[in-house]
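Thanks for making the time this morning.

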Amino acid sequence: MEGPPLKVIAERLAVFKGKKVKSASGTAKIEKEATIGKEVEGVFSRGKNLFIRFADFSFRIHFLMFGSYRINEIKSGAKARLSLAFNDGTLSFYNCPVSILRNDEIEKLYNENIDITSEKWDLEKVMELASKMRNELICDVLLDQNVFAGVGNIIKNEALFLAKVHPLSVVGKIPEEKLKEVALKAREFSLLFYEAKKKGESIDPYLKTYGEKECPACKGKVLRKRTGIRNRISFICPPCQVLYA
DNA sequence: TATAATGTTTGAAC
DNA sequence: AGTTCAAACATTAT
């Protein structure tokens with residue numbers, strides 16, 4: 001799950017703020033019991049991570065590809081990784097790694113300035129980090145959670161298409177202004193993604209290249225190819241996307 | 001029925 | 001000893 005839809009989930013789960021944990025269960029091998037009797041002080045996302053914050057530590061939950069949650073409901077045929085019971089409801093998470101982190105560690109590890117969904121997202125900071133990765137491919141840097149936190153394969157592909165940059169471009173060969181445009185398009189599409197999900201809409205109608213066979217600009221055939229160190233699918237329109245190599 | 005896909009972490013192998 | 005890479009995890013649509 002990419003950052004924007006996760007942020008929408010975090011905002012929905014904020015209804016649990018102020019509630020005290022009555023009991024905690026689940027298959028995650030962590031000290032769940034430490035939260036019993038404690039009050040949820042906040043629910044928020046940073047990149048692709050979801051946090052349920054207590055006074056001095058938080059649950060960190062990552063949905064990966066297939067994570068899900070339920071409120072006041074049990075998902076049939078699945079054991080919850082983490083289930084929190086409150087006086088007036090329950091919250092359960094499935095198919096997701098859950099860990100516990102001290103709150104000061106979270107601030108150290110997950111900087112809001114690079115979170116593509118954050119109000120505090122900072123283009124200058126992102127450019128500084130991205131520019132350092134001169135020898136890497138742009139398709140890899142966009143998926144690097146320490147540079148573009150919350151960007152996943154959908155946002156990666158859409159940003160590159162919107163900026164007209166080929167995914168196999170080498171970062172150091174991309175003109176600075178162009179690199180900035182890639183970052184800004186990733187940001188722009190992420191906000192669109194967020195707004196769509198917030199309204200309960202699918203992102204599909206907004207996709208220009210992800211999953212498409214035909215380029216909406218030149219009507220040419222979109223190439224589908226695994227790229228980069230993570231070997232993720234890239235959708236490429238060679239005539240429209242410039243290869244800086 | 002097999003495959004692929006909105007991913008990350010871990011630990012074996014080199 | 002540092003780096004690389006496959007495995008593990010697990011759901012659902014096609």
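In what sense do E2 and E3 pair, and over how many bridges? The two strands pair in the antiparallel sense, and the pairing runs over five bridges; please keep in mind throughout that this is a predicted model. To give one position in that pairing, phenylalanine 44 has phenylalanine 51, in E3, as its bridge partner.

Stepping back to the sheet as a whole, we have an open sheet of four strands, in the order E2-E3-E4-E8, with antiparallel pairing. Its edge strands are E2, residues 42–46, and E8, residues 98–102, each of which pairs on one side only, and from one strand to the next the twist averages 30 degrees. Helix H1, which covers residues 3–13, packs on this sheet and touches both E2 and E3, while the direction of H1 makes about 175 degrees with that of E2.

Now let me turn to asparagine 49, which is found in strand E3, residues 49–53. Is asparagine 49 buried or exposed? Its relative accessibility is 7%, and because buried means under 20%, asparagine 49 counts as buried.

As for its surroundings, and leaving aside residues up to four places away in sequence, asparagine 49 touches Leu6, Phe44, Arg60, Ile61, His62 and Tyr110. With one of these, arginine 60, there is also a polar contact, in which the side chains of asparagine 49 and arginine 60 are joined at 3.0 Å.

Definitions and conventions:
Residues are numbered from 1 along each chain as its sequence is written. Chains are lettered from A and ligands numbered from 1 in the order in which they are written. This is a predicted model: local features need pLDDT of at least 70, side-chain atom pairs count only at pLDDT 80 or more; totals for chains, interfaces and linings use all residues. Side-chain values use heavy atoms; hydrogens and water are left out. Buried means under 20% relative accessible area, exposed over 50%, partly exposed in between (1.4 Å probe, protein chains only). A polar contact is a pair of N or O atoms within 3.5 Å; within protein, one must be able to donate a hydrogen and the other to accept it, and residues adjacent in sequence count only if both atoms are side-chain atoms. Contact means heavy atoms within 4.5 Å. Two strands pair if DSSP finds at least two bridges between them. Axes are lines fitted to C-alpha atoms, for helices over the stretch in contact, and angles run from 0 to 180 degrees between N-to-C directions.
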